[in-house]
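Welcome, and please get your viewer ready.

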Amino acid sequence: MHPCKVGSAWKIQASAKLNLYLEILGPRADGFHALETLMVPVQLYDQLFYWPDNRLPLSLQVRDLRPGRRQLDQLGCDKENLVVRAARLLADSAGIAPFGRFDLVKRIPVRAGMGGGSSDAAAALQLANVAWGLGYTRQQLQPLAAELGSDVPFFLESTAAICRGRGEQVQPVVGLPRLHFVIATPPEGLSTAEVFGEARKFDYSESMVSDSQTKIAKLVAALQCGAIAEAASGMTNRLEDAATRLAPWLTQIRAIFRRAGCIAQFLTGSGSAYVGLARSAIHARQTAGKLRNLQTERGLGHVLATSSW
Ligand code: C5P
């Protein structure tokens, strides 16, 4: 994820992420949850372009290339969009007036737990920083990223990482092998806030902190030495039960993934995308092909094969 110049515009790739492990350590006084998670970037990208024309007011156009959609949204200066919010936040912090046009090409499914909006926000911070010649370091951008969303700081690092706090404390992890995944993105997405709200009902205990530290360290060590089968047994997501209470059809998707021969299956983030770990890139593509041909009651949605990087 580095900005590059394309003619008079700037361009950056914004990757999706998967959570290989997610534990909730308890609710916090600020309404968020303390968590510990292992996230990896995967090879599925939105693209963000920026035209730094200072005669143009800040605006955003979105081209939606997600499967089944071919829309062109003129979002103008929609204050809710994370790209626009990121640009405004950076401009405020630098004491300048924001300007120019962003074009966002969307491929990452939304309300899927794959971090699309957060990744777009991190991309916008980096593009505007370069295009406006501000020269902020990554460390200087981190607090702005954390203000935009819990997952945004992870995307500034663009590497596998253990994230703690509410997700904004990022500890990069090196030496992981490339992993291959098959992912179902159900037509019905899930709201992060609602899934975390459901998880609030869970009984949290103090021992979860040390238990989780042991589990995540074992998972990372197994991955680093290529013991994928051992690692697979440690790929769990505490939000999966909460998400399944809100979307009971996830039970069926989990069973389908298990029957399809994945070596692990788990929800990513707060869902609704469901992930199967495959043995190889070929296995991931073959499994995706099999799942696309399945006739299910609700449908798995779009099924894709991808890898970490
Ligand atoms: O930080 P972000 O905007 O992605 O969070 C969306 C919502 O998810 C929050 O408003 C909160 O309800 C919930 N959340 C949480 N604990 C976290 C992260 C998110 O409860 N660690």
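Here is a walk through a predicted model, with stops at the ligand, its pocket and a few loops.

**Stop 1: the ligand and its shell**

Select the ligand, then show the residues around it: Gly31, Phe32, His33, Leu35, Gly149, Ser150, Arg166, Thr192, Ala193 and Phe196. By class, this shell holds 4 nonpolar residues, 5 polar ones and 1 charged one. Which parts of the fold supply at least two residues each? Colour strand S3 (33-51) and helix H5 (192-199) to see them. H5 gives the largest share of the shell, with 3 residues.

**Stop 2**

Now zoom in on histidine 33. One of its polar side-chain atoms is 2.8 Å from an oxygen atom of the ligand. Move on to serine 150, where a polar side-chain atom sits 2.6 Å from a ligand oxygen atom. How much of the ligand does the protein bury? Taken alone, the ligand exposes 450 Å², and the protein buries 72% of that.

**Stop 3: the largest pocket**

Hide the ligand for a moment. The space it takes is the largest pocket. The largest pocket contains about 1200 Å³ of space. It is lined by 50 residues, and those closest to its centre are Leu82, Gly117, Ser118, Asp151 and Thr192. Select these five, and then look at the whole lining, which has 19 nonpolar, 18 polar and 13 charged residues.

**Stop 4: backbone details in the loops**

- Select arginine 111, in the loop between strand S6 (101-106) and helix H2 (116-131). Its phi is positive, near 50°, and the residue is not a glycine.
- Next, find serine 158 in the loop that runs between helix H4 (152-157) and strand S7 (161-164). Serine 158 is not a glycine either, and its phi is positive at about 45°.
- Finally, go to serine 272, in the loop between strand S10 (264-267) and strand S11 (274-278). What kind of peptide bond joins glycine 271 and serine 272? The bond is cis, with omega about 15°.

Conventions:
Residues are numbered from 1 along each chain as its sequence is written. This is a predicted model: local features need pLDDT of at least 70, side-chain atom pairs count only at pLDDT 80 or more; totals for chains, interfaces and linings use all residues. Side-chain values use heavy atoms; hydrogens and water are left out. A residue is near a molecule or strand if one of its heavy atoms lies within 4 Å of it. A polar contact is a pair of N or O atoms within 3.5 Å; within protein, one must be able to donate a hydrogen and the other to accept it, and residues adjacent in sequence count only if both atoms are side-chain atoms. Accessible areas come from the Shrake-Rupley method with a 1.4 Å probe; for residues, only the protein chains shown count as cover. On a 1 Å grid over the protein atoms alone, a cavity is a set of points where a 1.4 Å probe fits but cannot get out, and a pocket is an open set with protein on both sides within 12 Å along at least five of seven lines; lining residues have an atom within 4 Å of a point. A molecule sits in a cavity or pocket if more than half of its atoms lie within 2 Å of its grid points. Helices (H or I, at least four residues) and strands (E, at least two) are DSSP runs, numbered from the N terminus. Ala, Val, Leu, Ile, Met, Phe, Trp, Tyr, Cys and Pro count as nonpolar, Asp, Glu, Lys and Arg as charged, and the others, Gly among them, as polar. Grid points are joined across faces, edges and corners, and a volume is the space filled by probe spheres set on the points.
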